[in-house]
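Please look through the sequence and the model below before reading on.

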Amino acid sequence: MPEGTAHSTGTEHGPSTGTADGTATGTAVGTAVGRGGGTATGTATRTDPAPTGVPAPAADPSPSPTGDPGPAPAPATAPRRARLAGRRATVDAVLRNSPLQPLFRLAATRRLAVLAYHGVDDPRVFALQMERLVRVARPVPLAAVEEAVRTGRALPPRSVLVTFDDGDRTVLTEGLPVLTRLGIPAAAFVVTDLIGGDQPFWWAEAAFLAAHGGTARSLADCPPGDAVRRLKTLPDGERRAALAELRESARARAPRQEQLTPADLLMLTRNGVAVGNHTAGHPCLDRCEGGTVRDEIRRAHEALTGWLGGEEPTAFAYPNGNIDPRADAELRRLGYRIGFLFDHRHDRLLPPHPLRISRLRVNSTTGRDRFDTILSGLHPAVHHLRGGS
């Protein structure tokens with residue numbers, strides 16, 4: 001995304017490439033428009049049945065436009081979810097077997113792929129993904145990206161950086177053993193207000209409360225399933241007020257969630273997972289007042305510096321991918337070297353805008369076919385060609 005772009009948003013579970021009704025058309029049209037250089041265009045059309053024997057991921061729910069999981073689907077919706085998952089798997093298989101895939105894979109060797117995960121919900125699939133990564137790419141640490149930016153020397157071909165947003169505890173309990181076994185470095189961007197407690201992430205809490213009868217004036221005409229999406233569009237003060245109203249009116253309290261501790265952060269850093277700033281409370285920064293933007297970044301910075309033995313963090317990930325020039329200015333004042341978006345794109349091996357480096361959305365339930373086309377850039381190209389943000 002060019003410097004100066006005001007907004008970048010994403011979905012937690014990578015975007016779907018299916019048609020609106022989930023039907024696989026059998027046609028994949030892709031244009032490599034990533035910032036990593038190189039363009040490939042073409043059309044691959046299937047008139048024969050889609051490949052068989054391609055299992056759908058164990059759990060690949062329809063992506064939420066908010067970037068956060070909503071309430072569990074009602075039993076009546078389960079068959080429809082299963083059908084959509086099967087159709088998405090078919091589309092993913094068509095893309096992976098497209099004649100365009102080798103062209104995109106070749107172009108990807110000259111680009112930086114930063115994978116943006118959240119938690120590790122399926123350790124088995126995550127392990128398969130990481131095993132695939134060490135076979136086809138070159139995992140690099142966060143420090144290597146910072147060094148490339150500092151020196152002006154591009155990263156090696158096929159460089160991939162693995163990142164996690166929010167600080168879900170499964171990064172430690174499920175992800176770290178896999179990363180350690182395979183020798184893959186990574187980075188985790190944490191919400192510091194939650195460290196050491198059991199408060200759930202605010203979007204998970206809001207989704208639960210809305211599904212259990214919670215109401216708020218700002219959500220008066222909003223279906224429960226769209227509550228988080230709506231909350232992210234509100235000025236931050238209104239979002240906080242609406243969340244308080246949801247807590248007062250819901251029939252049940254959201255379940256508690258064990259969070260990482262300061263000791264856990266040290267364990268991550270000692271085992272090859274760098275820890276970065278993801279703000280104190282995870283607001284959408286472009287919806288905040290200027291003082292709040294500065295406070296969110298600075299409080300998180302100071303907390304992490306204390307927990308990490310005086311070592312100041314130098315990498316930042318924008319909550320929800322929403323960027324803001326006021327945040328850029330504060331990050332520069334604090335000495336941050338790199339910052340990450342959530343825009344489902346590759347970047348260059350020498351990122352031209354260090355505080356706005358693109359990332360690819362992926363999750364631990366992403367199947368092999370989609371994972372390969374995300375790495376190659378074909379999936380992101382089709383997604384953006386179809387109007388995805």
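**An enclosed helix and its surroundings**

Helix 6 (residues 202-211) is largely enclosed by the rest of the structure, because seven of its ten residues are buried, where buried means under 20% relative accessible area, exposed over 50% and partly exposed in between, with a 1.4 Å probe and protein chains only. Helices (H or I, at least four residues) and strands (E, at least two) are DSSP runs, numbered from the N terminus. The model is a predicted one, in which local features need pLDDT of at least 70 and side-chain atom pairs count only at pLDDT 80 or more, while totals for chains, interfaces and linings use all residues. Residues are numbered from 1 along each chain as its sequence is written, and side-chain values use heavy atoms, with hydrogens and water left out.

The buried residues of helix 6 are Trp202, Trp203, Glu205, Ala206, Ala207, Leu209 and Ala210, and what covers them includes strand 5 (159-166), helix 7 (227-233) and helix 8 (236-249), contact being heavy atoms within 4.5 Å. After helix 6 comes glycine 213, which has a positive phi near 85°.

Aromatic pairs number eight in this model, where rings of Phe, Tyr and Trp (its six-membered ring) pair if their centres lie within 6.5 Å, and planes under 30 degrees apart count as stacked, over 60 as edge-to-face and the rest as tilted. One of them joins tryptophan 202 to tryptophan 203 in an edge-to-face arrangement, with 5.9 Å centre to centre and 80° between the planes. Tryptophan 202 has 8% relative accessibility, and tryptophan 203 has 3%. Another edge-to-face pair is that of phenylalanine 316 and tyrosine 336, at 6.4 Å centre to centre and 85° between the planes. Because phenylalanine 316 lies in strand 8 (residues 315-317) and tyrosine 336 in the loop between helix 11 (325-333) and strand 9 (338-340), this pair ties together parts that are 20 residues apart in sequence.

Tryptophan 203 also has lysine 232 over its face, at 6.0 Å from the ring centre; a charge sits over a ring if NZ of Lys or CZ of Arg is within 6 Å of the ring centre and within 35 degrees of the ring normal.

Turning to the cores, a nonpolar core is a set of buried Ala, Val, Leu, Ile, Met, Phe, Trp, Tyr and Cys residues joined through side-chain atoms within 4.5 Å. The largest has 34 residues, of which Leu115, Tyr117, Met130, Leu133, Phe164 and Leu265 touch the most other members. Among the elements that each supply at least two residues of this core are strand 3 (111-117), helix 3 (123-136), strand 5 and helix 9 (262-270), and the largest share, five residues, comes from helix 5. Leaving aside residues up to four places away in sequence, leucine 133 touches Leu115, Pro139, Val160, Val162, Phe371 and Leu375.

The structure holds zero disulfides, a disulfide being a pair of cysteine sulfur atoms within 2.5 Å. For cysteine 284, which is in no disulfide, the nearest cysteine sulfur is that of cysteine 288, 7.6 Å away. Cysteine 284 counts as buried because its relative accessibility is 4%, and cysteine 288 likewise counts as buried, at 6%.
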